[in-house]
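Thanks for coming, everyone. Please have a look at it first.

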Amino acid sequence: MMGFVASGYRHAHRVELHQSKCELTRRSQEVVLRCSANDFRERFEGQLRSLQDEVCSEVVKLDGGADFHEDVWAKENGRGGGRSRVIEDGNMFEKAAVNLSIINGDISPERAAAMRSRGREGVSDGSKYFAGAISIVFHARSPLVPTLRGDIRVFQSFSDNETVTWGGGGADLTPSYFFEEDTVEFHRFWKQTCDRYDPSYYAKFKKWCDEYFYIPMRKEHRGVGGIFFDDLEFETEGGLSRVEEFLYDVARGWLPSYAAIAERRKDSAYGEKEREWQLLRRGRYAEFNLVYDRGVRFGLLSNGRIESIMVSAPPLVRWRYNHVADPGSKEEEMLEILRTPRDWV
């Protein structure tokens with residue numbers, strides 16, 4: 001399984017992009033691209049489809065037995081669609097989802113207000129939009145193998161003959177039990193990825209991840225973090241290809257950042273106590289998704305396809321009233337880590 005982890009795998013698929021049709025302009029907190037929307041969308045959609053195929057192929061190898069069920073879907077009135085691919089009851093993965101969506105429509109007043117609150121004053125109610133994304137979530141069967149979530153996404157809004165395009169994405173790790181070497185290894189991988197583009201990226205995106213994946217009502221972070229970014233302002237060296245290249249590099253890093261950790265823990269012994277704790281922690285995962293996650297809220301507000309919106313949900317969860325971890329236990333250790341983020345590299 002380690003063959004694809006080598007750095008050569010992550011660079012072999014880089015795409016030569018052409019800037020002749022695009023003029024790159026910098027604005028605070030976003031990347032603005034004035035170009036043919038159709039050219040960009042065709043290229044980006046093709047890359048998302050290739051990335052989904054690549055990721056699914058590696059997940060099948062890592063699981064060692066299961067295969068994906070594919071569900072191709074389309075929105076009404078020609079407003080896009082996607083491919084949802086899901087493993088359920090696999091060898092390693094109790095559930096693994098790799099979801100692709102390409103949609104367009106009109107920005108709702110609620111969504112436009114949320115965008116303007118993040119500094120995007122040019123987005124108006126009812127503006128046309130295009131959104132393309134690929135997202136992953138891997139819920140392992142073993143409580144000792146962490147959950148991995150990741151995505152890359154691009155959003156375009158069209159108003160007053162102006163096309164504004166920005167991107168985001170990330171990868172984060174949610175263990176039920178804490179293993180420091182796994183957490184350090186994961187963060188080191190993403191720091192190295194970020195450093196190839198901008199030495200300041202990792203610190204900013206790690207902090208952003210810690211702040212985003214926080215459950216205020218529990219005073220806990222969902223996991224041990226990773227990177228999360230949105231509304232990128234990107235240096236123009238290399239032009240548009242540099243922006244897209246970073247997104248694709250993130251997507252191609254998901255499996256290499258995770259596979260060795262999963263392989264290391266998958267055969268370790270556990271019992272009913274550890275399984276119970278895993279299901280309780282999955283309850284926190286579900287709480288975050290339903291209450292705080294922007295992507296879920298956007299999908300619901302835009303009348304999205306509910307099966308695709310909820311595809312990241314854990315397969316089994318449990319809630320217990322006022323559950324308290326035993327003092328000095330591994331479970332309490334995990335909670336202490338989640339309450340106070342720290343620097344791992």
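Let me start with Arg 305, which is partly exposed, its relative accessible area being 24%. Please keep in mind throughout that this is a predicted model. Which residue does Arg 305 form a salt bridge with? The partner is Asp 71, and the closest N and O atoms of the two are 2.3 Å apart. Asp 71 also counts as partly exposed, at 28% relative accessibility. Because Arg 305 sits in the loop between helix H8 (294–301) and helix H9 (306–309), while Asp 71 belongs to strand E3 (residues 69–74), the pair ties together parts that are 234 residues apart in sequence.

That pair is one of 35 salt bridges that a search of the whole structure finds, and I would like to set two others beside it. In the case of Asp 182 and Arg 265, the side chains meet in a salt bridge at 2.8 Å, N to O. This pair, too, links distant parts of the chain, since Asp 182 is in helix H4 (residues 180–195) and Arg 265 in helix H6 (residues 240–265), 83 residues apart. Are these two residues buried or exposed? Both Asp 182 and Arg 265 are buried.

Salt bridges that share partners join Arg 149 and Asp 151 with Arg 153, Asp 172, Arg 222, Asp 230 and Arg 294 into one network.

Now to the nonpolar interior. In soluble globular proteins, nonpolar side chains tend to be buried together. Here the largest nonpolar core has 57 residues, and those with the most contacts inside it are Val 59, Phe 138, Ile 152, Phe 246, Trp 254 and Tyr 258. Helix H6 gives the largest share of this core, eleven residues. If we take Trp 254 and leave aside its neighbours within four places in sequence, its contacts include Val 55, Ile 134, Leu 148, Ile 152 and Trp 190.

Stepping back to the whole protein, we have ten helices and eleven strands, and buried residues make up 55% of the 345 residues. Of the contacts with a separation of 6 or more, 72% are between residues 24 or more positions apart. The accessible surface comes to about 15,500 Å², and 48% of that belongs to carbon and sulfur atoms.

Finally, a point about the backbone. Which residue has a phi near 60°, a positive value in a residue other than glycine? That is Asp 89, placed in the loop between strand E4 (80–88) and strand E5 (93–106) and exposed at 62% relative accessibility. Lys 219 likewise has a positive phi, near 55°; Lys 219 is found in the loop between strand E9 (214–215) and strand E10 (220–221), and is exposed, with a relative accessible area of 57%.

Definitions and conventions:
Residues are numbered from 1 along each chain as its sequence is written. This is a predicted model: local features need pLDDT of at least 70, side-chain atom pairs count only at pLDDT 80 or more; totals for chains, interfaces and linings use all residues. Side-chain values use heavy atoms; hydrogens and water are left out. A salt bridge is a side-chain nitrogen of Lys or Arg within 4 Å of a carboxyl oxygen of Asp or Glu. Helices (H or I, at least four residues) and strands (E, at least two) are DSSP runs, numbered from the N terminus. Buried means under 20% relative accessible area, exposed over 50%, partly exposed in between (1.4 Å probe, protein chains only). Contact means heavy atoms within 4.5 Å. Accessible areas come from the Shrake-Rupley method with a 1.4 Å probe; for residues, only the protein chains shown count as cover. A nonpolar core is a set of buried Ala, Val, Leu, Ile, Met, Phe, Trp, Tyr and Cys residues joined through side-chain atoms within 4.5 Å.
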